Protein chains: 2
Amino acid sequence: MIVVKVGGSEGIDLDAVCADIAHLWSAGTRMVLVHGGSAETNRVAEALGHPPKFVTSPSGFTSRFTDRATLEIFEMVYCGKVNKGIVERLQRLGVNAVGLSGLDGRIFEGKHKDSVRSVEDGKVKVLRGDHTGTVEKVNTHLVELLLDGGYLPVLTPPGASFDGVAVNVDGDRAAAALAAAMHAEALLLLSNVPGLLRAFPDESSLIERIDASDVEAYLEFAQGRMKKKVLGAAEAVQGGVGRVIFGDARVEGPVSAALAGRGTVVS
Amino acid sequence: MIVVKVGGSEGIDLDAVCADIAHLWSAGTRMVLVHGGSAETNRVAEALGHPPKFVTSPSGFTSRFTDRATLEIFEMVYCGKVNKGIVERLQRLGVNAVGLSGLDGRIFEGKHKDSVRSVEDGKVKVLRGDHTGTVEKVNTHLVELLLDGGYLPVLTPPGASFDGVAVNVDGDRAAAALAAAMHAEALLLLSNVPGLLRAFPDESSLIERIDASDVEAYLEFAQGRMKKKVLGAAEAVQGGVGRVIFGDARVEGPVSAALAGRGTVVS
């Protein structure tokens, strides 16, 4: 089976992604789709008067600061608008999709991190009231149950803490944990770039192949959200996933193209 | 098994509903929860600058006019904020809940009604671009799959048209269709009134018993949203559901109280 993660950034063509998934699914490919919703969450949060806040950790990773109000907006967009929009696209194409968050059936479970270290004006501050976590456990039982029943699972953050509290988990790393737990042959991380670039944003500087044993060394080339994809790729290959491909979600047949090796292949 | 529908009106104590459900679930009651989210949808729609519009049909039934923008707000609130809020409450109480819309796996399926007749200033107008439908088919396979797997399904509108388009379906009538399809022993319709009132809003005028063969005659006492509950009750008992109870979601142990016959019992 394969796990496909499609990001929530600008420029991604969800219609093309869903059409390609429907094609592969009807041909018998066992798969799970994981998605984001970041750009739309920012828009809705602004419209509701609760603008997004991002923090950068001392090690350079950027993430959304998720207080309770943000968590609810996050759920509205990820679990409501985006998840059901994807399920509807797939249903219209004849795929019996089922959309779930990582909170449902505790598909994505991990420790609740209430505080986060943030670098602001060169100083490290500690912010409390955060609802984030890292996926430590995947409920493969529920995902297998759906797949065996003929349903295509469409999964999205948030996940559940070990106490059942909703926590914002990174979608790329959640997809990586899922791929490892499901013993996936491949994990495709599709976003709005052609893959990992040696000199971002120069798209001609695409890195085509990375040796699995060497993937963390490539963190230095990753900018912004790509950092977590590289981290996810490292976690997936260490977890036994055969191949991880960073692919371009903006092209025709984006899933098939990535599966055929277009993008950055980690193996 | 039993089907519990809890409304989305003001005054409903979801914490009390979830605590009671956790209690019954841990005692072995096989159940499905269906919920609404109407009041919160109105608030979010106002905040996003797309205020709700309600239409009243020539036969006196009130429903939300659901254009595409409204449908997306509806999905954000019903499938995102409210559904995941309920799943989180249940997960915190140790119930392995799984939240789905009727679009997922086509749990609630029916014909897409694009136009609606609306009485405005005494005249009947036809409004187009509506995304509504009536549940004609229930995917009991998916609901049974989850129940047999140990998961408590938490379901919400929208449903799916036969073409896979998201359609706003009435939650009470969807719960009634589900209860009939699942051969439920009881359907509990919980809202912010004690039951069907002979002289709304006088709560001392509660109608305690209605004969199943006679339920449609009670439509005359139903005001506003209660009309669809009475219609749903009629459909459920005609579909073979043993008992339908209109119960009060504002009290302690609201599910147990309704199961014990507190409210209006149709049987």
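A salt bridge is a side-chain nitrogen of Lys or Arg within 4 Å of a carboxyl oxygen of Asp or Glu. Over all chains of this predicted model, a search of the whole structure finds 34 salt bridges. Side chains of opposite charge can pair when their charged atoms come close. In this predicted model, local features need pLDDT of at least 70 and side-chain atom pairs count only at pLDDT 80 or more, while totals for chains, interfaces and linings use all residues. Residues are numbered from 1 along each chain as its sequence is written, chains are lettered from A and ligands numbered from 1 in the order in which they are written, and side-chain values use heavy atoms, with hydrogens and water left out.

The contact (heavy atoms within 4.5 Å) takes 39 residues from chain B and 39 residues from chain A. Of the interface residues of chain B, 100% are also interface residues in chain A, so the copies meet through the same surface. Buried area is the accessible area (1.4 Å probe) that two parts lose on being put together, summed over both. Chain B and chain A bury about 3100 Å² between them, with 60% of it on carbon and sulfur atoms. On the chain B side, Met76(B), Lys84(B) and Glu88(B) lose the most area to chain A, together 20% of what that side buries.

Six salt bridges are found across the interface of chain B and chain A. In one pair, Glu72(B) meets Lys81(A) at 3.5 Å, N to O. A network of salt bridges links Glu72(B) and Lys81(A) with Glu10(A), Glu40(A) and Arg43(A).

Helices (H or I, at least four residues) and strands (E, at least two) are DSSP runs, numbered from the N terminus. Helix H3 of chain B has 25 residues, residues 68-92. The expected span of a helix is 1.5 Å times one less than its number of residues. H3(B) bends by about 30° at Asn83(B). The bend is the angle between axes fitted to the seven residues ending there and the seven starting there. Buried means under 20% relative accessible area, exposed over 50%, partly exposed in between (1.4 Å probe, protein chains only). In H3(B), 19 of its 25 residues are buried. Gly94(B) follows H3(B), with a positive phi near 85°.

Other salt bridges join parts within one chain. Lys81(B) pairs with Glu40(B), the closest N and O atoms being 2.7 Å apart. Lys81(B) lies in helix H3 and Glu40(B) in helix H2 (residues 38-47) of chain B, 41 residues apart. Lys81(B) is partly exposed at 23% relative accessibility, whereas Glu40(B) is buried at 16%.

In chain A, Asp172(A) and Lys229(A) form a salt bridge at 3.0 Å, N to O. Asp172(A) lies in helix H5 (residues 171-181) and Lys229(A) in helix H6 (residues 226-238), so the pair ties together parts 57 residues apart in sequence. Asp172(A) is buried at 4%, and Lys229(A) is buried at 6%.
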